[in-house]
Amino acid sequence: MQQKVWDSVNFFHEGDEYFASVISDVRRAKNSIHLETYIFDRSVLAQSLFDEFGAAVLRGVSVRMVVDGFGSLGALDFISRECEKKNISLRIYKPLFRSWGWFFRFWTPNISRLGSVIKNLHRRNHRKVILIDSEIAYVGSYNISVVHSRKYFKDSVWRDTGVRLTGSEIEVLQTSFREVWSAADQSFIQPLKKLPSRIIDRYLRYKPQASLFRINFQPLHRRWLYRDLLQRIRRSEHHVRIVTAYFLPRRSLLRALQKATDRGVKVEIVLPYLTDVPLVKWAAKALIDQLVAHGVKVFEYQNRVLHAKYTIIDQWASVGSLNYNHRSFLHDLEVEAVFENEKDVANLANQFALDTENSVVWYDKNHRPSWMLRQLYRLAFRLRYLL
């Protein structure tokens with residue numbers, strides 16, 4: 001079977017370059033702009049994007065935005081006001097508190113609904129996607145947040161990776177956006193709408209392992225993608241390189257990484273030293289110690305927050321929003337772009353070398369933490385399915 005390739009690929013490892021490219025394409029948009037993000041904050045950067053979207057609307061471009069109801073919670077009033085002012089279509093993925101009615105509906109005698117309520121609250125849209133004219137796609141780990149811009153956040157800017165893509169496979173991502181758009185803007189008490197049979201048929205035809213996009217909208221696809229990742233690690237011959245902001249994987253993945261090192265595969269993982277969610281780092285400590293004991297080389301990225309998410313397994317690579325934690329594998333909506341072209345994989349390999357240069361090897365595991373810290377790590381680990 002002929003290998004699928006992108007028409008063009010442009011990687012961005014600094015936020016200012018990423019957003020400059022986005023704005024340039026927005027200014028040339030002719031038909032549509034679709035944005036899907038976990039965090040859309042209230043900032044100068046967000047306002048500049050809104051101004052560009054507003055100018056596009058005046059040119060006759062259709063602009064749609066889907067923001068997550070939890071990740072963007074603190075800015076929903078700002079987002080709603082700007083979208084209304086600029087005639088931008090907005091939907092919120094599982095908003096938390098639309099009105100006080102949620103409280104009374106929650107405490108109904110029908111306790112059987114409690115499980116579905118919690119499940120619906122827990123599952124978020126963690127994707128970061130921008131689609132322009134159904135021809136250009138931006139994916140990666142860049143939220144619409146000032147923390148990704150050195151211009152505004154100076155030396156504390158987060159380290160991320162994103163990519164601009166063109167090619168026929170973008171239609172897959174466009175279809176996925178339409179389904180998320182259809183499912184969005186609902187109270188967290190309510191289950192998602194039942195998808196029409198035509199949509200179910202389309203999802204059954206979509207084979208994520210064979211696509212250049214790894215999309216996990218359906219539980220079936222989550223299982224497929226997770227098994228595919230395990231198989232790639234199990235079949236690896238030379239190296240497995242992982243960069244992730246949050247590392248708290250399932251035990252089956254830990255075993256696959258350990259067995260890879262037993263076969264002589266070089267397994268390297270880059271994690272953040274500075275993090276915006278310390279609980280994840282505490283919960284993962286024992287797991288990381290276990291990997292290091294099996295020969296896995298673990299690095300901690302220094303000086304600024306590492307938020308990038310990419311994987312390299314021999315001559316295969318992926319970039320997207322997926323973290324190596326329970327949330328990404330079991331709960332959240334995620335998307336990754338796949339690369340098998342030698343030049344594209346080499347670009348990520350070069351960036352991996354730079355990330356390790358800015359890191360230190362995981363500290364001496366013979367140092368035993370205090371009793372209090374050990375209890376804190378154990379408590380955090382018990383919460384791993386929520387992190």
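Modeller: A cavity is a set of points on a 1 Å grid over the protein atoms alone where a 1.4 Å probe fits but cannot get out. This is a predicted model, with local features needing pLDDT of at least 70, side-chain atom pairs pLDDT 80 or more, and totals for chains, interfaces and linings using all residues. Numbering runs from 1 along each chain as its sequence is written, and side-chain values use heavy atoms, without hydrogens and water.

Biologist: What volume does the largest cavity have?

Modeller: There are three cavities of 30 Å³ or more here. Volume means the space filled by probe spheres set on the points, which are joined across faces, edges and corners. For the largest cavity that comes to about 160 Å³.

Biologist: Which element gives the largest share of its lining?

Modeller: Lining residues have an atom within 4 Å of a point; of the 16 here, L225, Y226, L322, F329 and E336 are closest to the centre. Two or more residues come from each of α9 (219-235), β14 (316-320), α12 (326-331) and β16 (335-339), where helices (H or I, at least four residues) and strands (E, at least two) are DSSP runs numbered from the N terminus. The largest share, four residues, belongs to α9.

Biologist: And which element gives the most to the lining of the second largest cavity?

Modeller: That cavity holds about 100 Å³, and the closest to its centre among its 13 lining residues are A245, F247, L271, P272 and K281. Two or more lining residues come from β11 (266-272) and from α11 (278-293). With four residues, the top contributor is α11.

Notes
On a 1 Å grid over the protein atoms alone, a cavity is a set of points where a 1.4 Å probe fits but cannot get out, and a pocket is an open set with protein on both sides within 12 Å along at least five of seven lines; lining residues have an atom within 4 Å of a point.
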